[in-house]
Amino acid sequence: MNTPLPQFNIKPKSWFFLFLLIPIEHSLFAQNNRKDLILKSSLYDLSYIDFNIDVYQFDAEQYLVSQTGNALLQLNQSSFLNLEYNISNAWDHGISTTTVGDFSVSYSKNHYSKNYQKVGFQGVATSVKMILPTGNLKYLSGFDNWIIEPSVYFGWKFKNKKNYFASKIRTNIPFAPLPEAPLSFSYGRYEAIIGYENYHFWLATTLDNRITFDHHHYTLLCKLELGIKLDTTNGLFASTTNRLIGKFYYQNYFNFGYYKCL
């Protein structure tokens, strides 16, 4: 239902660890009408909370485990405020550190199409996220930069209403580093999602394309996601992501958690 990290082998004056603060992918497509329990294949129109654990592997000696809390608050029929915070545990060549992560706040607005919840184009969701540097880059828990991230999301339902396709386009723009911290790099991101959803579960795969704007480094990540609907308001989810092309961000990523619709 609506947050990136390069590897450690990059040059410190050119690249910096970008921690991926993407909450559960419920942020893009989630809708719960208490009857059909549509969570992923259409634009959301509800409030929810979730808790998830993210595990990042950079190489054999460097890991990050992040415990993230997320709340989506419905302001009106089509506008939403999303709040996200986390606590991170990093392991770097045998040294363990626990710190708080960056705090992010997002405002989004849905533009529903006339075919909303029917076959065809579902609509567009526009969003802007602000990431506040409350974490620490040294311990992998933050960016050490103030960052703004505008984005646009859109999707379609296929003939049987259970298969869907979605796209996400976003730009991550650091604009103000903390004192003595360098300005991080900007990058663009395009995600193509193909999924299936019924009343009991959803299954989706995502191709995550990222390119930096200064050196034009390209990275391709592939994500597989499974969600289980326990009832009309509660569920569990898990995903795994692997880097297919490129040498930045993480090598592998695993996520699991719990959500509750309000």
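What percentage of the 262 residues in the chain is buried? Buried residues make up 53%, where buried means under 20% relative accessible area, exposed over 50% and partly exposed in between (1.4 Å probe, protein chains only).

## Basis of the model

This is a predicted model: local features need pLDDT of at least 70, side-chain atom pairs count only at pLDDT 80 or more, and totals for chains, interfaces and linings use all residues. Residues are numbered from 1 along each chain as its sequence is written, and side-chain values use heavy atoms, with hydrogens and water left out.

## Strands and pairing

The chain has 13 strands and zero helices. Both are DSSP runs numbered from the N terminus: helices are H or I with at least four residues, strands are E with at least two.

Strand 1 (residues 48–59) has two pairings described here. Eleven bridges join strand 1 to strand 2 (residues 62–74), and the two run antiparallel. Two strands pair if DSSP finds at least two bridges between them. Strands 1 and 2 form a hairpin with two residues between them. Ile49 has Ala71 in strand 2 as its bridge partner. Strand 1 also pairs with strand 13, antiparallel, over ten bridges. There, Val55 is partnered by Phe254 of strand 13.

Strand 6 (residues 120–132) pairs antiparallel with strand 5 (residues 103–112) over ten bridges. Lys109 has Thr126 in strand 6 as its bridge partner. Strand 6 and strand 7 (residues 145–157) are also antiparallel, with eleven bridges. Gly120 stands opposite Lys157 in strand 7.

## Cores and surface

The largest nonpolar core has 13 residues; Tyr44, Leu72, Tyr164, Ile193, Trp202 and Tyr259 have the most contacts inside it. Such a core is a set of buried Ala, Val, Leu, Ile, Met, Phe, Trp, Tyr and Cys residues joined through side-chain atoms within 4.5 Å. Strand 8 (163–177), strand 10 (201–212) and strand 13 (252–261) each give two or more residues to this core. Another core, of twelve residues, lies apart from it and includes Leu64, Phe185, Leu221 and Tyr249.

The chain exposes about 11,200 Å², with carbon and sulfur atoms supplying 65%. Areas come from the Shrake-Rupley method with a 1.4 Å probe; for residues, only the protein chains shown count as cover. Leu203, Leu226, Ile228, Leu230, Leu236 and Tyr258 make a nonpolar surface patch of about 510 Å². Patches are made of residues with over 30% relative accessible area and no salt bridge: like charges are joined within 9 Å, nonpolar side chains (Val, Leu, Ile, Met, Phe, Trp, Tyr) within 5 Å. Tyr258 lies in strand 13 and is partly exposed at 33% relative accessible area.

## Salt bridges around Arg189

The structure holds six salt bridges, each a side-chain nitrogen of Lys or Arg within 4 Å of a carboxyl oxygen of Asp or Glu. A network of them links Glu149, Arg170, Arg189, Glu191, Asp208 and Arg210. Arg189 is buried at 4% relative accessible area. Its partner Glu191, with closest N and O atoms 3.4 Å apart, is buried at 2%. Asp208 also meets Arg189 in a salt bridge (2.8 Å, N to O). Asp208 lies in strand 10 and Arg189 in strand 9 (residues 187–197), so this pair ties together parts 19 residues apart in sequence.

Lys229 forms a salt bridge with Glu197 at 2.7 Å between the closest N and O atoms. Lys229 is in strand 11 (residues 218–229) and Glu197 in strand 9, 32 residues apart. Both Lys229 and Glu197 are buried.
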